[in-house]
Amino acid sequence: MSTTIKAYGATSATDDLKPLNIERREVGKDDVKIDITYCGVCHSDIHTVRNDWKGSIYPVVPGHEIIGRVVEVGKGVSNYKVGDLVGVGCLVDSCHTCASCQQDLEQFCENGATFTYNSPNIHIPGTQTYGGYSTSVVVDKQFVLRVPENLDEAATAPLLCAGITTWSPLSHWNVKKGDKVGVIGLGGLGHMGVKFANALGAHVVMITTSPEKGEDAKELGAHEVLISKNQDDMKKHQGSFDFLLNTIPVGHEMDPYLALLKIDATMVLVGAVEPLKPFHGGSIIMGRKRIAGSLIGGIKETQEMLDFCGKHNITSDIELINMQDINTAYKRVTSNDVKYRFVIDMKSLKS
């Protein structure tokens, strides 16, 4: 059994998003049904709609930064009740049995995680999962996240992707009070990296090509700004960083940033899901430095991030839009014309 609901999606890689009707499964024993109030707009949404990463299955209904209220729970659900404020991020299922899942690393499920959109839908065979650009969603209880009630609902939405993408490496590499942390690039990811690193007690340096963005970063919590085009300033900071969070979304030169790391320090990539420019082996050999990557986080870690945000009152800086403005928003995202994330007010789709 299924229910037809309103959504917005694309029917090809070249079409604008438009109103669609999609099917949601009925609530099962272990399911939670959520009335979606807000959904963030992620650059991954655009890549999937445009089939930039290949493999998109149409129609695509994007959206993996979902905030809403519980409206129904299955008989096997005891940890959520009607009215609870909850979220759904990039994952809605996994195999539960592989080594990664057993370590709460569902994002690395060895049998293939089920992503919130554009994954095979095991509940309605022959279809794919549809995301949060819709009025409601039904999700397994293990992939529902509790959202602190003190946080602004709309501004919390991007935490489910941009937030966890930057929190996970800061947590995994144990960034702590007194560390010198560089955040490379100020955008949807970078602005969250600055906020988190500051709240963790680090000395935060925004590394950017833009003096204007540097001033914005100071308002977000950066203690210093390093203009990466200024070779003299880059030289002054060489060998001084405990950790670098690299949010640049495209291929770029690596050597100038690697020179900033201390011995045994790490630069983690979270932005560039594409080929990087070649770098000199000596940049990491001379200093036993590390280049690593990180992908979102598992459900346990994402809940820890939300709890941290509730304690420190951390949310994203957003611009709220109506669903009908999504195509304009996509154009603005691709031209870097947003501070720092768009969030869709789902009342506009329901009216």
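The legends below describe close-up views of a predicted model.

**View 1. The six-stranded open sheet.**
The strands of this sheet follow the order β12-β11-β10-β13-β14-β15, and their pairing is parallel. At the edges stand β12 (224–227) and β15 (290–293); each has a single partner strand, so one side of each is left without a neighbour in the sheet. From one strand to the next, the twist averages 20°. In general, strands of a sheet pair through backbone hydrogen bonds, either parallel or antiparallel. Strand β14 (residues 261–269) runs parallel to β15 and is joined to β15 by four bridges.

Nine of the eleven residues of α4 are buried, so the helix is largely enclosed by the rest of the structure. The buried residues are Ala162, Gly163, Ile164, Thr165, Thr166, Trp167, Ser168, Pro169 and Leu170. Their cover includes the strands β10, β13, β14 and β17, together with the helices α5 (188–199) and α10 (299–312). After α4 comes Asn174, which has a positive phi, near 55°.

**View 2. Strand β17 and its partners.**
Five of the five residues of strand β17 (residues 341–345) are buried, so the strand is largely enclosed by the rest of the structure. Arg341, Val343 and Asp345 lie on one side and Phe342 and Ile344 on the other, and both faces are covered. Strand β3 (residues 31–41) runs antiparallel to β17, and four bridges join the two. Here Tyr38 stands opposite Asp345 of β17. Strand β16 (residues 318–322) pairs with β17 in the parallel sense, over five bridges. Asp345 in β17 is also the bridge partner of Asn322. Between β16 and β17 the chain passes through helix α11 (residues 326–334), and this β-α-β crossover is right-handed.

**View 3. Asn118 and its surroundings.**
Asn118 lies in the loop between β7 (114–115) and β8 (136–140). Leaving aside residues up to four places away in sequence, Asn118 touches Thr48, Gly55, Ser56, Ile57, Val60, Gln128 and Thr129. Two contacts of the Asn118 side chain involve backbone atoms. The side chain reaches the backbone nitrogen of Ile57 at 2.8 Å, and one of its polar atoms lies 3.4 Å from the backbone oxygen of Gly55. Thr129 is eleven residues from Asn118 in sequence, and the C-alpha atoms of the two are 5.3 Å apart.

Cys98 has 6% relative accessibility and counts as buried. Cys101 is buried too, with a relative accessible area of 7%. A search of the whole structure finds zero disulfides.

Methods:
Residues numbered from 1 in each chain as written. Predicted model: local features only at pLDDT ≥ 70, side-chain atom pairs only at ≥ 80, totals over all residues. Heavy atoms only, no water. Contact = heavy atoms within 4.5 Å. Polar contact = N/O pair within 3.5 Å; in protein donor to acceptor, adjacent residues only side chain to side chain. Pairing = 2+ DSSP bridges. Axes fitted to C-alpha atoms, helices over the stretch in contact; angles between N-to-C directions. Buried < 20%, exposed > 50% of the residue type's maximum accessible area, 1.4 Å probe, protein only. Right-handed = clockwise from strand over helix to strand, strands pointing away. Disulfide = S-S within 2.5 Å.
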